[in-house]
Amino acid sequence: MNFARIRNAFVLAAATLGLASCGINSVPTAEENAKAKWADVEAQFQRRANLIPNLVEVAQGAAENERGILTEVTEARAKATSVNIDADQLGDPEAMAQFQQAQGQLGQGLGRLLASFEAYPQITSSQNFLALQSQLEGTENRIAVAIRDYNEAVRNYNTTIRTFPETIGANLIHGAEPLVPYEAATEGAEVAPTIDMTDGN
């Protein structure tokens, strides 16, 4: 009787180990990790969007000649905040491309706006502007880190669902689909804008 119990326990342990090695746990773990990293990406893009109205407010009075760029950035911000990706859409290349494009346009407009301020010493020397510039640059760096972490989580998940033996559980049990990594829609759009604050005169 004891032998039968030991044998049953051994079979159960072997079955559990076999299921675990077939992706029963590793596939959803990798997927949830990628979704969590995507939430970090969204949070950093939202942080940038939240800073832009303050930047526009600082600039409006002094940079009348840059009204067109201010309008462009405001409109790009509105578009970027209206294009969202649910965690369930992380495998949809079209949805990801739309999100990337909206964020890329905002990043480009923001970079042009910041660069244009070099002509306005009354803006670039103000404490409000300097504080906003520092926050925006820090946010752009956080965005780059969050995107890197998300892409690494996607790479890990996509590798997991394609690698034996996890692919068994991924395809037969979970119906797992590859996730889409984040790529800059335009070259350099994910890089924080750099500004030369020195006086050229």
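The model is predicted, so local features need pLDDT of at least 70 and side-chain atom pairs count only at pLDDT 80 or more, while totals for chains, interfaces and linings use all residues. Residues are numbered from 1 along each chain as its sequence is written, and side-chain values use heavy atoms, with hydrogens and water left out.

The chain holds seven helices and zero strands, where helices are DSSP runs of H or I with at least four residues and strands are runs of E with at least two, numbered from the N terminus. Read from the N terminus, the order of elements is α-α-α-α-α-α-α. Of the 201 residues, 36% count as buried; buried means under 20% relative accessible area, exposed over 50%, and partly exposed in between, with a 1.4 Å probe and protein chains only. Among contacts in the chain with a separation of 6 or more, 79% join residues 24 or more positions apart, a contact being heavy atoms within 4.5 Å.

H2 (residues 26-60) and H3 (residues 67-82) pack at an angle of about 165°, with their axes 11 Å apart. Axes here are lines fitted to C-alpha atoms, for helices over the stretch in contact, and angles run from 0 to 180 degrees between N-to-C directions. H2 is therefore roughly antiparallel to H3, as angles over 145 degrees count as roughly antiparallel, under 35 as roughly parallel, 65 to 115 as roughly perpendicular and the rest as oblique. The crossing of H2 and H3 is left-handed, that is, the near helix is turned anticlockwise from the far one by less than a right angle (clockwise would be right-handed). H2 contributes Ala49, Asn50, Ile52, Pro53, Val56, Ala59 and Gln60 to the contact, and H3 contributes Arg67, Leu70, Val73, Thr74, Arg77 and Thr81. By class, seven of these residues are nonpolar, four polar and two charged; Ala, Val, Leu, Ile, Met, Phe, Trp, Tyr, Cys and Pro count as nonpolar, Asp, Glu, Lys and Arg as charged, and the others, Gly among them, as polar.

H3 also meets H4 (residues 93-116): their axes come within 9 Å and cross at roughly 155°. H3 and H4 are therefore roughly antiparallel, and their crossing is left-handed. Residues in this contact include Leu70, Val73 and Arg77 of H3 and Leu106, Gly109 and Leu113 of H4. The contact of H3 with H4 divides into nine nonpolar, four polar and four charged residues.

Turning to the rings, the whole structure contains six aromatic pairs. Rings of Phe, Tyr and Trp (its six-membered ring) pair if their centres lie within 6.5 Å; planes under 30 degrees apart count as stacked, over 60 as edge-to-face and the rest as tilted. Trp38 and Phe99 have ring centres 5.2 Å apart and planes at 65°, so this pair is edge-to-face. The pair joins Trp38 in H2 to Phe99 in H4, 61 residues apart. Trp38 is buried at 1% relative accessible area, and Phe99 is buried at 3%. Phe45 and Phe99 are also edge-to-face, at 5.7 Å centre to centre and 70° between the planes. Phe45, in H2, is 54 residues from Phe99 and is buried at 6%. Ring pairs link Trp38, Phe45, Phe99, Tyr150 and Tyr182 into a cluster.
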